[in-house]
Amino acid sequence: MSQLLILAAEQENPLVPPIPELVIGLIAFVIVFGFLAKKLLPNINKVLDERREAIEGGIEKAEAAQTEAQSVLEQYKAQLAEARHEAARLRQEAQEQGATLIAEMRAEGQRQREEIIAAGHSQIEADRKAASQALRQDVGKLATDLAGKLVGESLEDHARQSRVIDRFLDELEEKAEATR
């Protein structure tokens, strides 16, 4: 075994690089790292900062939009409640106007009915008076004709004839009213 150790010590270890390569590699690493730190790292930090600001700005904009949407929703709800209130008020007014109109139409119908009844009574009274007058004339003519036939001569004096007939009919009316 000792021979193996000696043999192994004489051979170079493939995992351990030679010192000059190690120094050159270290210098190259420092140069590349320095270049990256001076040129690339500020750009990377700048892009990351811009991204962070954009994300934060987006979040702020989203919060502002959400706040605005909430206020618009509240305004919409308020307007909707106001519109419902207005609609209820208009329905109430329409019902009141309808009730008023119905009452007015009933009153107008009642008034027209009373007018028609009064006109009917007036017409009946006028017809009764006309019939009474016609009947009075017919009865008077028949009475004078009958009296003329009984007496045997014509009773043509119209003034006297009218007075007699009127007096007779007035007496009949007084008797009829007294029996009522």
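Arg113 forms a salt bridge with Glu114, and their closest N and O atoms are 3.1 Å apart. By salt bridge I mean a side-chain nitrogen of Lys or Arg within 4 Å of a carboxyl oxygen of Asp or Glu. Glu114 is partly exposed as well, with a relative accessible area of 38%.

Before I continue, a word on the model. The model is predicted: local features need pLDDT of at least 70, side-chain atom pairs count only at pLDDT 80 or more, and totals for chains, interfaces and linings use all residues. Residues are numbered from 1 along each chain as its sequence is written, and side-chain values use heavy atoms, with hydrogens and water left out.

Now the overall picture. The protein has three helices and zero strands, and along the sequence the pattern reads α-α-α. Helices here are DSSP runs of H or I with at least four residues, strands are runs of E with at least two, and numbering starts from the N terminus. Helix α2 covers residues 19-151.

How confident is the prediction? The average pLDDT of the protein is 83, and 83% of the residues score at least 70; pLDDT is the predictor's confidence in each residue, from 0 to 100. Among the elements, helix α1, residues 2-10, has the lowest mean pLDDT, 58, while α2 has the highest, 88.

Of the 180 residues, 4% count as buried. The protein exposes about 16,300 Å², of which carbon and sulfur atoms supply 62%; such areas come from the Shrake-Rupley method with a 1.4 Å probe, and for residues only the protein chains shown count as cover. Thr144 is placed in helix α2. Between Thr144 and Ile165 there are 21 residues in sequence, and their C-alpha atoms are 8.6 Å apart in space.

The unreviewed UniProt entry lists residues 22-41 as "transmembrane region"; UniProt positions are given in the numbering used here, feature names are shortened, and annotations may be inferred rather than shown by experiment. Over residues 22-41 the chain is 100% helix and 0% strand, with 26 Å between the end C-alpha atoms.

Which residues form a nonpolar patch on the surface? They are Val32, Phe35, Leu36, Leu40, Leu41, Ile44 and Leu48, with about 620 Å² of accessible area together. Patches are made of residues with over 30% relative accessible area and no salt bridge; like charges are joined within 9 Å, and nonpolar side chains (Val, Leu, Ile, Met, Phe, Trp, Tyr) within 5 Å. Leu40, one of the patch residues, is found in helix α2 and counts as partly exposed because its relative accessibility is 40%.

A search of the whole structure finds one aromatic pair. The pair is Phe29 with Phe33, and the rings are stacked, at 6.1 Å centre to centre and 20 degrees between the planes. For this term, rings of Phe, Tyr and Trp (its six-membered ring) pair if their centres lie within 6.5 Å; planes under 30 degrees apart count as stacked, over 60 as edge-to-face and the rest as tilted. Phe29 and Phe33 lie four residues apart in helix α2, about one turn of the helix, and both are exposed.

I close with the charged contacts. How many salt bridges does the structure hold? The structure holds eight salt bridges. Among the residues involved, Asp49, Arg52 and Glu56 are linked in a network of salt bridges.

Further along, Arg89 forms a salt bridge with Glu86, with 2.2 Å between the closest N and O atoms. Arg89 and Glu86 are separated by about one helical turn because they are three residues apart in helix α2. Arg89 is partly exposed at 34% relative accessible area, and Glu86 is partly exposed at 33%.

Glu125 forms a salt bridge with Arg128, their closest N and O atoms being 2.6 Å apart. These two are three residues apart in helix α2, so about one helical turn separates Glu125 from Arg128. Glu125 is partly exposed, with a relative accessible area of 32%, and Arg128 is partly exposed, with 47%.

How values were computed: Buried means under 20% relative accessible area, exposed over 50%, partly exposed in between (1.4 Å probe, protein chains only).
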